[in-house]
Each structure stands twice: as C-alpha cells, then as structure tokens.
Amino acid sequence: MNSAEHHLAAPRPTVDVRLVPAAATAWGTALVLTGQNSWVDVSSGWLTVVGFVLGMGSAGGLSALGLAWIASGGKPGKLVLPDASGGLHRLSGRMQAITVRWRMVAAGALLCLMVSGAVTATALQQEVGVDRALSDLKESQSSGAGQESSPAQGTGTNGVHRVRMQVVDRPLAWSAASTGGSSGSDDSSSRTWGQDSGEASGGVVIAVQLENGQGATVFAGDSRWRSVRSGDMVEAVVTVPPSAARDLQLRTSGAPKTVGTVERGAFIGWLDQSKRRFLAGATTLGPEAVSLLPGMTYGDRAAFDPELEQAMKDTGLTHLTAVSGSNCALVMVLAGHLVLGFGARRRTCIVAGLAALGSFVLLVGPDASVVRAAVMGTVAAVGILAGRGGTSLAALSVAVCGLLVVDPAWGRDFGFALSVCATAGIIVTGRPLIRILTQHFPAVVATAIAIPVVAQLWCAAVLTLLTPAVPVFSVVANAVVAPVVPVVTVLGLLALLAFGQPWALGHSVGQGLLTVGDLPAGFVAVTARFFAGLPGAVVPWWQPPLGPVVMACMCLVLIVLVHRWDAAISRRHVSGRVDPSHPGPPVSEQQWRALTRTRRRWRWISWSITLSAVAVLVLGWLIKPAVPTDWMAVMCDVGQGDAMLLRSASGGETATVLIDSGPDPGALRRCLRTAQVDQLDLLVLTHDHADHVAGAAGLDQMVGIQQVWWSSGTGRPPQEITGWSVAVQQPAVGQVWEHNGLRLQVLGPSGDPAPSVDSSGENNASLAIRATIQGDQDQPGVAVFAAGDMEEDGATRLIRDHGHQAGGPLDVDVLKVSHHGARNGGTRIVDATTPSLALISVGENNDYGHPHPDITTHVAGIGAVMARTDDMGTVGLYINPDGTTLDVRPLP
C-alpha cells in the first residue's frame, strides 16, 4: 500500500466584531464631548445635539457595514453568522445574504445611535453639574470674600476657594508634561489633565466628591495628600484653572486638613488597618520590599523608591505595581487553572475565577479604578478560561459602552485606553501565545508569561502617546519577571489576610509571608535595574502622530507573526501523512511501569526540593537566637538618629518607655521586634527633627501606646503623631511620670516656644529626661539621662537650673550623649552627669563626622565606658547577676 496524504482543514478562529462599532462610537462620542474645545455642550441648541448624535450613529453604521463586508470576504454567499442554537450555518443566495447583511447594518447603526445618545446625555448632565458647582464657588466668593468659608463651598478671592470634600479613591502620582498634554501616571486610574499651562508639574491626583454631590479631581502639589484615604473628609484651599470646562478639576499646593471620616463599615476599617500593618511590615524588609510588595499586592505606591521607580519605568514594569485589568485577569486565570487541575469543568473554573477576583477586589479595596480594572480583567479572563476569544470581544465592547455611559470622562483617560487595549490583546492574542508557549512550558507558566507580554504589545502605541520614548527591553523584562509576579501577588494577599487577624500569630505569619515574598520581589527589582542599566534601554521616539503610528505598525507585525505561528501549529496537528509501514512492537508493561516510576520519582524530587527550600526560608525567619528579656535599656541601631527603650520590672509587672523613634520606621520596628516589645506605656519624642520622630509614622498600628510626650521649638506637635487615638501631651518642666518601677522626670528645656526656630533652636527645645529604672527583685536601680539633640548653650542653662552636685538630678549612671556626639553638644553635660556608661547613637560612615573626636576623647577621659551603635549595632543594657555592675551586649 502506498503512502497517502490526508489533509484536514484547520478550523480558523472566528472573532465576533458585531459590537465593536458600538464601542468605537461610544468612545468617539466621549472623546468629542469631553474635549477642551468641544462644539457640543449645554449651550448648544437641540438641533446641534441631535445632529451630533445622528452623525456619530451614522459613522458607527458605516463601520458596521465595513466589518460585515470584511467578514463575508466581499462575497455575499460566504457570510458566516451564529445562529440561535450557538452553531454555525452558511447562508446561500445573493439576495438572502444581502438582506441579512443590511439587517445587521441597520441593527448596528441603531445600536450605535442609542449608545451615542446615552453617552451624550450623561456628558451633558455632568457638564450641568460642573457648571452648577462652579457657580456655587463664584457665588460664595462674591458673597463671602474675606470671611471664613462655610463647610460646603467656602470662600475665596481671586479664584481661590476653601472647599470641603470627600475622598472617593486612592491617591495616585501624576505628572504633566511640559508640552501641556496629559498627565502621565502609569496606573490605570489616572485621569488626564487636559491642556496645561505649559510648565512641567506633578504631585498627587485624588478623585473627590464635593458636599453638593458633584464629583471632582484634585491635582495636589503637596506630598501630604498621599496620606489621605478613601472615605476621609478633608478641607483644602484650591483653585479652579480656566481650562477646566468639561469636568471639575481643582488644583492645590497646600496640605489637606482632615476634618472627619465617612463611616465605611467594619470591613473597610479592618482592611485599612491590615494595609497599614502590611506596609509597616514591608518597611522592615528594606526599600525594595516597601516599594514593590504593597504595589504588587494592592496597588499602593506611596512609599516607592524613586530610583527603583525610574528603573521600572525604563523597562515597562510599572504596571506591575498598579491594580490593572491584566492583574485582575491574571488572578482569575490562575484560580481557574488551579481548579481545572483538579478535574473541574470549564464553568466551574470560571465560577472559581470570578470568586477569586471578587475576593481580590475586596482585599485591594473596591475603589472606582479597581472596579473598572476588575470589569476589564473579568472579560479577558473569561475569554481565556472559556476558550472563546471571539465572544469575549463582544463582552469587551459591552463593557466599554457601559463604562463610558457611566462616566464619559474616561474616554480621554489614558488609563482607560490602556485597560481596553490590554484586555483586547489578552482576548485576541492571549490564547495563541499561550498555545505557542505551552509547547515548551507548563500551562500555568505559559499563561503567566503570555498575559503581560500580550498586554505590553497591544498597549505600546498608546504608551508612546504618553511619553515619546520606547523602553527597548520592555517585552523581554516582562517575560522574565512574569513567572514570579503571581507568587508575589499570592503571598502578598495571604499576608494581607494574616495581618488583619487580631492575634499575635497572625502578625508573625504575615511577616513571614512578606519575608518569603521579598525574594521574588527582589528579583523584579534586580531585573528592572539590570535591563534599565543596559545601553540603549530607553530610545527617544518620534512625537505624535508619527511615533504612535510607527509603533502601532511594528506591534501589528509582531502580533501577526504570533497568530501565523499559532496557525502553523494548528495545521501541524490536523494535517499529515499516513505511513502504511508497521508501527513496531508495542511497549511492554515493564517498560511502561519503569517509565511511570521514573516520572513519579522526578516529580517527588522536584516537590521535595521546592518544599525544602520553602521550609528553609520560613524556618530561617522563625528560628532566631534568643534575646535575653531582662534588659533594662536598649539603644536601637536606627542609623543616624536616636531611639532608646527603657524597661523596669517590679513585682512581676513591667513598664516600657521609648525615647525618640529614629528616622526610619523599618529600623525601629526591627529593634522593637528584636527586643520583643509590643506595648509602650509611654512614647517620648524629645524634639521635632526627622532623625528623632520620623520613625514614629504608623507606630500606633504596630504596638500599643498608652501615652505620648512631645516637645518642639514652635509648640506644634510632630506631624507623625497627628490623629493618634492616644493621650498626647507636651509635659512641663518638673513633671513626673511613674509606673511599675520606672520613673521619668522632666528637667528641661527652659524657655517658651517661638513661631519659628532654626535648627539650633529646635535642638535646644529637646526634652531633658532623667529616668530611674528599678531592677527586678533586690537589684539596684539605674539612673539614665537623655536630652535629645540639646546643644551646649541649652545644656548650660540646664546645669544652671539643676546644678551638678553628686546625688543631684543630673548625677546618673548612664548618659545618652546628646546630638549623636556632635561637637556642638559640648562636654559640660558629660562632666555634670559623671556617667559610668555613655551611649552614642550614630549612623555608620555618616556625613556629619559624628561622633566628634573631642567628645569621644572627653568621655574616655572621665573613665566612662562608651558604646556606639555604629560599632556594635543595637545594644542592650543588663545588670550582672552580682547586682553591682552594668553589662552592655549587642543584641542579635
């Protein structure tokens, strides 16, 4: 028998584009209506509005006609349509096909007309609301200029208004290009600024709602707006740019004043607390962790390292730290594939994916931008899980129409454009690329790589509209980090859940998960820096319109190549040659069993290696050298700053005090964790310099704090403790605090606050504290003196007020050397306190030359032992078993 060729026609994928004209019409309508110089507005006559709607509907009908002709290949007898039962049938006959086509065109035109009318109605209604809000601002300005504003819309002069508003979405970074175009945020929820004044600017953008119900967008130049949260009621002095005519956009250069919080339910409060703990835990792991872990988990980029952020921009990886449609699609697809691995059907996989996406949206926070990304992600993920990209394109068109009807301003939002392009790419090109990659990788890995790569290809042209530069290694960098992105996201979400638990074990589990997640997050950072550091990482590109057109053509070529490659693979599986020769003897049962055993053996080996690596990482974090808990004082190594713990034990009860918090919240939390401190009876912030108070940011969410003492040269409390729900007090000289054998007495400063002070004035406003620590059982007490950064003239006044005689208030056992051993701290306070131990908190290799040789020489000259954090790290102060001598030991 001769060999014979048998060829089977590969089924060509079909794409349902019938609703694409409606989506394009909705988008075009929104672009025209929300443009700065639109000729259709509320002042236009009804004939103009009706004519505009009819024109947009006609344009949509013509596009529907063109798509119908393309779908039929220009031949009426070849038109393929889905029938009511879901199958496919071919309509024969020229007249019948033409009739069906014209019915399709008529239905498409009618749908385009309806969508255009709906978008127009919403846009005009929003414009009426904006005009009303602007009118209210002008009326309040004219009627109340120079007086205190009302809570609703306040007063202002020369276009300046005091406004009370509710924050409705998370703050995002924004920047306006010098050309005056649109704002350039990488997050999918950033709004365009329209036509700017021409100056480069940037800051924070926040979606808000005024008290009259009108929505607005605030562009703030003060970084303190980053700390506001969804649901906060804030007051701010704002201006209304003359160009903001289509939607209400406000600008402010001042800080927000939080005046209240809208009740958002117990779940949102729990989520906010969990996120604060998550951020604090990530801070302890270093700048890369605090930059990437919150962003890759729930889109928080408030603490992003500027250098790393630039590297990620140069490599096209910034989308990883934003809640985008591709992120939502990835969560849903991975959950669906996990269920599919257990033998579930496709419908069950889709339901599981939707459940996972719903949980993800709840954990991230159901803000407007997140919900929009979830809608896009759902459409894309259903297309992949169901294997019906054509149907999903119709669903995407419906989603675009619905979102633009709700808010036409999204039509000129670059984030919206990126979401639509990414989702369309995942629907159309996602499955082909996954099929290609599954030839070499497991399905889950192929999916994790394909989704971001396809999204990058489809979004590249839009990105060149934002910035005329091309990250050359963007696709490669996304492909490299793609396998670890789901790992970071899953570990981060689990950590977020753990941090929300009220028990201490939840915090430990959450911190352990973050520690493990820091490894793949670090890989992302290394990848970004590596590719950003290569020659030609960012290539200047042509300005619009040439640049985006060229980029679109290049990406189109790559997309076509992907589809051709996928088609070649499909043909390989459905065509071939029948070989009549004998196939050979069958594989024996022994060989088959041996092969099966080999596969199982390698599978167990791979699982054992993976689990062992995970166990080593977790145990390495959990199992640490035990720290003796009988310390009386701990000088924390917080870099160039101060943070000192004091603790007493009396009758089995303890009291713990923290004096200053250092410059770094992460370093302080590491010290508290090492010292096993989770409760502070008193926090003392000696003066308002960042190296003493910045580490207190968010401290009330990590440990229990009963009371706070503070001091400053201006009489204003440090910003870090603003809003804390604890007793906050500026103590007076002579005031005493005593609890469970720990006694603190305020010896200084002397003098009254001033409206403004220089650095020396703030240093000399430091609280001077004498602390007496009673040891456990019959151990003698230890006297400690700490005076922040008090300089020599302040110390001179202190000695004048309290003397330097033996047994006096300044006669102590331990001296915390002021101002990190700087020369301006002087030596008189060293002589007056006559310490046997001097503690110096100072950063290693600091730029200030601290401690000064004059100070260290003088301390050594009086016979005092000196312990420095730059040499020893965090040090603990203990009383030896003999009860007569002090022992200083580094803490592990």
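This is a predicted model: local features need pLDDT of at least 70, side-chain atom pairs count only at pLDDT 80 or more; totals for chains, interfaces and linings use all residues.
User: What is in the protein overall, counted in helices and strands?

Analyst: The protein has 24 helices and 30 strands, and buried residues account for 49% of its 892 residues. Among contacts between residues at least 6 apart in sequence, 70% join residues at least 24 apart.

User: Why is helix H5 called roughly perpendicular to helix H14?

Analyst: The axes of H5 (residues 287–298) and H14 (residues 485–499) come within 8 Å and cross at roughly 85°. Angles of 65 to 115 degrees count as roughly perpendicular, and the crossing angle of roughly 85° falls in that range, so H5 is roughly perpendicular to H14.

User: Which residues make that contact, and how do they divide into nonpolar, polar and charged?

Analyst: On the side of H5 the contact is made by Leu293, Met296, Thr297 and Tyr298, and on the side of H14 by Val485, Val488, Thr489, Gly492, Leu493 and Leu496. These residues divide into seven nonpolar, three polar and no charged, with Gly counted among the polar ones.

User: What makes S22 and S28 the edge strands of their sheet?

Analyst: The sheet is an open one of seven strands in the order S22-S23-S24-S25-S26-S27-S28, and its pairing is mixed. Strand S22 (736–739) and strand S28 (865–868) are its edge strands, since each pairs on one side only. Neighbouring strands of this sheet are turned by 15° against each other on average, direction ignored.

User: How do you know that S27 and S28 pair?

Analyst: Two strands pair if at least two bridges are found between them, and strand S27 (residues 837–840) has four bridges with S28, in the parallel sense, so the two strands pair. As one detail of this region, the bridge partner of Leu839 in S28 is Ala867.

User: Why is the pair Cys636 and Cys671 called a disulfide?

Analyst: The sulfur atoms of Cys636 and Cys671 are 2.0 Å apart, and the cut-off for a disulfide is within 2.5 Å, so the pair qualifies. A search of the whole structure finds one disulfide. The pair links distant parts of the chain, 35 residues apart, with Cys636 in the loop between strand S14 (633–635) and strand S15 (644–650) and Cys671 in helix H18 (residues 665–674).

User: What is the handedness of this disulfide, and are its two cysteines buried or exposed?

Analyst: The torsion about the S-S bond is about -65°, so the disulfide is left-handed. Buried means under 20% relative accessible area; Cys636 stands at 0% and therefore counts as buried, and Cys671, with 3%, is buried because that value also lies under the cut-off.

User: Why is Gln729 called partly exposed?

Analyst: Gln729, which lies in strand S21 (residues 727–729), has 28% relative accessibility, and because this falls between the limits of 20% and 50%, Gln729 counts as partly exposed. Not counting residues up to four places away in sequence, Gln729 touches Gln707, Val708, Trp709, Trp710 and Gln735. Gln729 and Trp710 are 19 residues apart in sequence and 6.4 Å apart in space, C-alpha to C-alpha.

Notes:
Residues are numbered from 1 along each chain as its sequence is written. Side-chain values use heavy atoms; hydrogens and water are left out. Axes are lines fitted to C-alpha atoms, for helices over the stretch in contact, and angles run from 0 to 180 degrees between N-to-C directions. Angles under 35 degrees count as roughly parallel, over 145 as roughly antiparallel, 65 to 115 as roughly perpendicular and the rest as oblique. Contact means heavy atoms within 4.5 Å. Buried means under 20% relative accessible area, exposed over 50%, partly exposed in between (1.4 Å probe, protein chains only).
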